[in-house]
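Please have the sequence and the structure in view.

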Amino acid sequence: MSTFGFTAGELRTLRGLRTPERIQRFLDELPYHAADTAWSPRRVLRERTAHCLEGAVFAAAALRVNGFPPLLFDLESVRDTDHVLALYKVRGHWGSIAKSNFAGLRFREPVHRNLRELAITYFDDYYNLLGQRTLRGYSRPVNLARFDKFEWMTSDKPVWYVAEHLLNDVPHYRLISAAQEKALTRLDKRSFQAGLVGSVGH
């Protein structure tokens, strides 16, 4: 059985996260890492903190150790930052794992028949601090095994190449039409506040 370059202790931790739900719970328990970094899963294990990109890459590694392919998925936005998820599939249906400062942008159960169906579930909870709904598109899934030569799971070097590949090289698909975008309303105050429950820096 491959160790993927992890130590015995690291593998014990990752193999203990044997379901997507356990991986999400682990990420939820980590403080949100409000910094401009791109840590590998090993560094996340060491520092016990992560932000969106780092959380998704960590989740992809944990999924891989437990028998799933290490897939990432980018949600594309305007007037906001993109959101990166780790994807998994159970009985032919998609689910996702994510680290986010917003309560509604995290875990999804594997009940979605395709990736558009999964992406649209994030629409109402994806907004900026002006209350504008900002989600516009979604990417093809990316299998992080393509970066094994860079030792993305265990490197002490930043893994910015993952984010750059997602943003610049992977096709994205529009989620709503131009007419729908023009007609969007701002989020109501109650929903806005609910989404920020437990957030850092607001």
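The count of salt bridges here comes to nine. Please bear in mind throughout that this is a predicted model.

Let me begin with glutamate 10 and arginine 42, which form a salt bridge whose closest N and O atoms are 2.9 Å apart. Glutamate 10 belongs to helix α1, residues 8-16, and arginine 42 to helix α3, residues 41-47, so this pair ties together parts that are 32 residues apart in sequence. Are the two partners buried or exposed? Glutamate 10 has a relative accessibility of 15% and therefore counts as buried, the cut-off being under 20%. Arginine 42 is buried as well, with a relative accessible area of 16%.

The next pair is arginine 64 with aspartate 148, where the closest N and O atoms of the salt bridge lie 2.8 Å apart. Arginine 64 sits in helix α4, residues 52-65, whereas aspartate 148 is found in the loop between β6 (142-143) and α6 (160-168); the pair therefore ties together parts that are 84 residues apart in sequence. Arginine 64 counts as buried at 16% relative accessibility, while aspartate 148, at 33%, counts as partly exposed.

I turn now to glutamate 181 and arginine 136, whose side chains meet in a salt bridge at 3.0 Å, N to O. Here, too, distant parts of the chain are linked: glutamate 181 is in helix α7, residues 178-182, and arginine 136 is in strand β5, residues 135-139, 45 residues apart. Glutamate 181 is partly exposed, at 26% relative accessibility, whereas arginine 136 is buried, with a relative accessible area of 9%.

How many of the residues of β5 are buried? Five of its five residues are, and the strand is mostly covered. Which strands pair with β5? Strand β1, residues 71-77, runs antiparallel to β5 and is joined to it by three bridges. Strand β7, residues 172-174, also pairs with β5 in the antiparallel sense, over three bridges. Tyrosine 138 takes part in both pairings: it is the bridge partner of leucine 75, and its own bridge partner in β7 is tyrosine 173.

Thank you for your attention.

Technical notes: Residues are numbered from 1 along each chain as its sequence is written. This is a predicted model: local features need pLDDT of at least 70, side-chain atom pairs count only at pLDDT 80 or more; totals for chains, interfaces and linings use all residues. Side-chain values use heavy atoms; hydrogens and water are left out. A salt bridge is a side-chain nitrogen of Lys or Arg within 4 Å of a carboxyl oxygen of Asp or Glu. Helices (H or I, at least four residues) and strands (E, at least two) are DSSP runs, numbered from the N terminus. Buried means under 20% relative accessible area, exposed over 50%, partly exposed in between (1.4 Å probe, protein chains only). Two strands pair if DSSP finds at least two bridges between them.
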